[in-house]
Amino acid sequence: MGRKAKQEFNWRGFVSVTTGLSFLAMSITGIVLFITPKGRVAHWVEWRILGLTKDQWGGLHIWFSLIFLVMAAFHIYLNWQPFLNYFRDRARRTYALGREWLFSLIICSIILIGTLADITPFSSLLVWNELIKNSWEVSSRQAPIPHAELMTLAEIADKVKGIDSETMVTNLRAGGIDVESAHVIVGQLAEENNLSPSQLYATAVGQSLSGRAGEGGKANSGKGYRGRYGLGQLTLQQYCNRIGLDVNETVEKLRNKSIQARPDMLLRDIAHGAGIHASDIRDILEQ
């Protein structure tokens, strides 16, 4: 009976376990967000992975990141004295820790400067991220205008040529979708009918839409590729591969027009050096 009937709550253990779990969750959500399509695509086709939307993954990432930061702060607080003793003892015995601090500072500084300066290889990760996000886009399922899911049928009809709001309402009703007027918001109406905005829009304009909402597709390739999204993030080599051009001939073609370029240069950098827009580079190459 001398022992306590109930053990005291172990705060150190709680903080350590919560820190580890939140770090794991934060890492998983971060990886998912790295490969997610851009918002205009994710919201339009109601993209999901493991049943969760991009916004839900983003919300989880924010919360687990916050929990990790709070628990990390508590972890330092609970272990503050051993933490200080570690540095003090090591400082007395050797200068190795000083070299470790310096080496760590140099690495972090290089990453910071390289990323902000947008130079290889630091820019390569960002280009790769852009390519992954663009790879989800399928021309047949792109929104007629950015963030069309937030607009009404009437607003879309006003901005897109060849589309009549009354016809869209008629097509939707013929497809079994109850719509009161053209002033209903596309995303809201789609959610009420368990459809993605892209599926609802396809019905509204009398088109058939193959595939299920949330499935990823590859970006357009071949001569018809126009690179509407993230064009400037592609290197000249990547763009030539997409549209089937020889990169060496392309470099020479640009030089003949007084545009300096290398295969590993981003299109936006080539365009900036020539004082033109990246889309102008595309037009020159596809002539």
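The following dialogue goes through several features of a predicted model.

Me: How much confidence does the chain carry, and which elements have the lowest and the highest mean pLDDT?

Reply: Where pLDDT is low, the predicted coordinates should not be read in detail. In this chain the average pLDDT is 78, and 81% of the residues score at least 70. Among its elements, helix H4 (residues 80-93) has the lowest mean, 65, while helix H3 (residues 54-78) has the highest, 93.

Me: Where does pLDDT stay under 50?

Reply: That holds over residues 209-230, for which the model has 60 contacts beyond four places in sequence.

Me: How many disulfides does the model contain?

Reply: A disulfide is a covalent bond between the sulfur atoms of two cysteines. Here the count is 0. As for individual cysteines, Cys108 is partly exposed because its relative accessibility is 48%, whereas Cys240 is buried because its value is 1%.

Me: Which residues touch the most other members of the largest nonpolar core?

Reply: This core has 29 residues, and the ones with the most such neighbours are Trp44, Leu153, Ile156, Leu172 and Leu200. At least two residues each are supplied by helices H2 (39-44), H7 (153-159), H8 (165-174), H9 (186-192) and H10 (197-204). The largest share, 4 residues, comes from H7. Another core lies apart from it; this one has 20 residues, including Leu236, Ile243, Leu254 and Ala271.

Me: How is one of these helices, H8, to be read: which of its residues are buried, and which are exposed?

Reply: In H8, Ser165, Met168, Val169 and Leu172 are buried. They lie on the same side of H8, because they cover an arc of only 100° around the axis. Glu166 and Ala174 are exposed on the other side of H8. The cover over the buried residues includes H7, H9 and H10.

Me: What is found at the start of H8, and what follows the helix?

Reply: At the start of H8, the backbone nitrogen of Glu166 has a side-chain oxygen of Asp164 within 3.0 Å. After H8 comes Gly176, with a positive phi near 85°.

Me: What surrounds Ser22, and is this residue buried or exposed?

Reply: Ser22 belongs to helix H1 (residues 11-35). With a relative accessible area of 2%, Ser22 falls under the 20% limit and is therefore buried. A polar atom of the Ser22 side chain lies 3.0 Å from the backbone oxygen of Thr19. Leaving aside residues up to four places away in sequence, Ser22 touches Phe64, Ile67 and Phe68.

Me: Which peptide bond is cis, and which residues other than glycine have a positive phi?

Reply: Most residues other than glycine have a negative phi, and most peptide bonds are trans. In this model the peptide bond from Thr120 to Pro121 is cis, its omega being near 5°. Pro121 is located in the loop between helix H5 (96-117) and helix H6 (122-134).

Leu50 has a phi of about 55° and sits in the loop between strand S1 (48-49) and strand S2 (52-53). Leu50 counts as exposed because its relative accessibility is 75%. Asn194 has a phi near 55° and is found in the loop between H9 and H10. With a relative accessible area of 70%, Asn194 is exposed.

Notes:
Residues numbered from 1 in each chain as written. Predicted model: local features only at pLDDT ≥ 70, side-chain atom pairs only at ≥ 80, totals over all residues. Heavy atoms only, no water. Disulfide = S-S within 2.5 Å. Buried < 20%, exposed > 50% of the residue type's maximum accessible area, 1.4 Å probe, protein only. Polar contact = N/O pair within 3.5 Å; in protein donor to acceptor, adjacent residues only side chain to side chain. Contact = heavy atoms within 4.5 Å. Core = buried A, V, L, I, M, F, W, Y, C linked by side-chain atoms within 4.5 Å. Arc of directions from axis to C-beta. pLDDT = per-residue confidence, 0-100.
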